[in-house]
Amino acid sequence: PAAEPKPPQEAQRPDHVKRVIAVASGKGGVGKSTVSTNLAVALAGLGLNVGLLDADVYGPSAPRMMGIDADPQFVDGKLQPLEAHSVKVMSIGFMVDEGAPMIWRGPMASSAVRQMVQDVRWGTEAAPLDVLVVDLPPGTGDIHLTLVQKLAVDGVVIVSTPQEIALIDARRAAAMFQKTATPILGVIENMAFFADPATGAPIPIFGSGGAKAEAAALGVPVLAEIPIEIAVREAGDNGAPIVTRDQGGAAAEAFRAAARAL
Ligand code: ADP
């Protein structure tokens, strides 16, 4: 690594946003966007005014997972977030077609994310945003540094599967947040197990125990152990996260419990 990341001295809080929670992972495909969308909807279900910023400019998932297909509009010089499932959402994916290549040089990607924080009307004086959930790109790159150094991130949730290879990268991501003095709120173990349809017994498809050990090493809680459920994937594909269902099953309950713990 070239330079040590600096602590967030000049970090700026976006206007009328009380709390910023970022969702990070070491690897892609571990369910970071699934967790981000479900947490955001579950937090809104607690009566909070919630925003979801899709900062994964290389692979924006929020439009599909939240079921939004519309163009955000400028009103009085600021972009109006779109709204679905009682959550205000902004994603670069609203501005480009699905399938269009997302080619960003590092500084451009960072500046796009900065604009999605600062030039979007997340909250107003009359209706401030209680929580802005930020779905980060996987890994540790320019966007992460920009967010923690320039924008006040109050805490990070680390998502990992129980698999060793995912945990190694999660550890790296956690180390970056520790270096930049960003509090780690906890670990969410996704794809923690698959419940045997016949017996209900947990089948540890990606292994077990690793995320707990990782959380313990970081001195943070395990906020949730989310099972692998077909309905979780279908709900995301269909634009209505599993927590929007009253009878959502074990995964939905686990997401709700994690939201309450935040
Ligand atoms: P990431 O944001 O880390 O790249 P995604 O949230 O896009 O990961 O998840 C990757 C894929 O796995 C998606 O198709 C998603 O629907 C699916 N998925 C994520 N979590 C679960 C789960 N607990 N059960 C079943 N499918 C899941």
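Start here: is Ser33 buried or exposed? Keep in mind that this is a predicted model. Ser33 is buried, because 28 other C-beta atoms lie within 10 Å, and the cut-off for buried is 20 or more. Ser33 sits in helix H1. Setting aside residues within four places in sequence, Ser33 contacts Asp56, Ser61, Met65 and Asp135.

Why look at this residue? Ser33 is one of the positions that an unreviewed UniProt entry lists under "binding site".

Take Val30 next. Val30 lies in the loop between strand E1, 20-25, and helix H1, 32-45. Val30 also counts as buried, with 25 C-beta neighbours inside 10 Å. Beyond residues up to four places away in sequence, Val30 touches Ser25, Val159, Ser160, Thr161, Ala166 and Asn190.

Now move to helix H6, residues 210-218. Which residues of H6 are buried? They are Ala211, Glu214 and Ala215. These residues cover an arc of only 100° around the axis, so they fall on the same side of H6. The general rule: an α-helix has 3.6 residues a turn, so residues three or four places apart point the same way.

Turn to the other side of H6. There, Ala213, Ala216 and Ala217 are exposed.

What covers the buried residues of H6? The cover includes strand E8 (155-160), helix H5 (164-179), strand E9 (184-190) and strand E12 (222-226).

One last detail. Gly219 follows H6, and its phi is positive, near 70°.

How values were computed. Residues numbered from 1 in each chain as written. Predicted model: local features only at pLDDT ≥ 70, side-chain atom pairs only at ≥ 80, totals over all residues. Buried ≥ 20, exposed ≤ 12 C-beta atoms within 10 Å, placed from the backbone. Helix = DSSP H or I, 4+ residues; strand = E, 2+ residues; numbered from the N terminus. Arc of directions from axis to C-beta. Contact = placed C-beta atoms within 7 Å. UniProt positions renumbered as here; feature names shortened; annotations may be inferred.
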